[in-house]
Amino acid sequence: MLPGMADPILDFVVTRLQAQADPERAPAMAAYMKTDMPFFGVAAAPRRKVGSAAVKAFRPTDRADYEAKVRALWGHTHRETKYVAVQFAAQKRWIDVASLPLYRQLVVEGAWWDFVDEVAARLVGGALANAPAAVFPVLDRWIDDDVMWLRRTAILAQLKMKERTDAERLFRYCRARMHETEFFVRKAIGWALRQYAYVDPDAVRAFVDAEKGNLSGLTYREATKHL
């Protein structure tokens, strides 16, 4: 790469996003996300097509290459490029415990639900499904981390686990954080319980009944929405 030139994958993605940019739409997108980060104004469907094209055109050769490409996209100024970074990161071959430091970076720096929830359920959750014995000890630390978004990630990491959910750990994480007043933690607890209720409604009902006095109204409503 010559000095001053963009990273090839970054140039590829940004050029295509710019070609579909709608400057009139961008302010509304930023307002919805409550962010000062700039948007191109590209809707989700065409943006995902750009991400899919990037995955096909820039297959990582090894883990270092995978992480470098994700970080190249993640480091860009515009939010859609960062969304593509998360989409690019979701390649099954590389979703494992060794990628957790990268995913932690995305959570800590993303620090908002649109980034964190996708990383939690799809990337961290994918690594968890592949190697629970290796990933759960990391989540056991994250559930008590000072960074609220890591606590939310630990709670949401089992969203897609279904029958493979470690129910004891899920309920333990919920108990550990149910005293919090933070909206995004309360919401995460309710969401995680609601999702597990599709698998074992009796267990979730027993939990919320036992802890009703300790759960926020938001958490309780979310958890029992489909019970």
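Leaving aside its neighbours within four places in sequence, L123 is in contact (heavy atoms within 4.5 Å) with V86, A89, A90, I95, Y103, L106 and E118. L123 is also, together with V13, Y103, L139 and L193, among the residues that touch the most other members of the largest nonpolar core, which has 81 residues. Such a core is a set of buried Ala, Val, Leu, Ile, Met, Phe, Trp, Tyr and Cys residues joined through side-chain atoms within 4.5 Å, where buried means under 20% relative accessible area, exposed means over 50%, and partly exposed lies in between (1.4 Å probe, protein chains only). The largest share of this core, 9 residues, is supplied by helix α7 (residues 113-130).

The model is predicted, so that local features need pLDDT of at least 70 and side-chain atom pairs count only at pLDDT 80 or more, while totals for chains, interfaces and linings use all residues. Residues are numbered from 1 along each chain as its sequence is written, and side-chain values use heavy atoms, with hydrogens and water left out.

**Overall fold**

The secondary structure of the chain comes to 13 helices and 0 strands, counted as DSSP runs numbered from the N terminus (helices H or I of at least four residues, strands E of at least two). The radius of gyration of the chain, taken over C-alpha atoms, is 19 Å, close to the 17 Å that the globule rule (2.2 Å times the number of residues to the power 0.38) gives for 227 residues, so the chain is as compact as a globular protein of that length. The C-alpha trace spans about 60 × 40 × 30 Å along its principal axes. Of the 227 residues, 53% are buried, and of the contacts with a separation of 6 or more, 67% are made by residues 24 or more positions apart. The chain exposes about 11,000 Å², of which carbon and sulfur atoms supply 53%, the areas coming from the Shrake-Rupley method with a 1.4 Å probe and, for residues, with only the protein chains shown counting as cover.

**Salt bridges**

A search of the whole structure finds 18 salt bridges, each being a side-chain nitrogen of Lys or Arg within 4 Å of a carboxyl oxygen of Asp or Glu. Three of these pairs are set out below.

| Pair | N to O distance | Places in the chain |
|---|---|---|
| D96 and R63 | 2.6 Å | loop between α5 (79-89) and α6 (100-110); helix α4 (residues 63-74) |
| K69 and D65 | 2.6 Å | helix α4 |
| R169 and D140 | 3.0 Å | helix α10 (residues 167-177); helix α8 (residues 132-142) |

D96 and R63 link distant parts of the chain, 33 residues apart, and both residues are partly exposed, D96 with a relative accessible area of 22% and R63 with 25%. K69 and D65, by contrast, are 4 residues apart in helix α4 and therefore separated by about one helical turn; K69 is buried, and D65 is buried too.

The structure holds 12 aromatic pairs, in which rings of Phe, Tyr and Trp (its six-membered ring) have centres within 6.5 Å; planes under 30 degrees apart count as stacked, over 60 as edge-to-face and the rest as tilted. The rings of Y66 and W94 have their centres 5.7 Å apart and their planes at 20°, so this pair is stacked. Because Y66 lies in helix α4 and W94 in the loop between α5 and α6, the pair ties together parts that are 28 residues apart in sequence. Y66 is buried at 0% relative accessibility, and W94 is buried with a relative accessible area of 7%.

F171 and F207 form another stacked pair, 4.8 Å centre to centre with 10° between the planes; F171 in helix α10 and F207 in helix α12 (residues 201-211) are 36 residues apart, and both are buried.

Apart from its neighbours within four places in sequence, Q91 is in contact with V55, R59 and P60.
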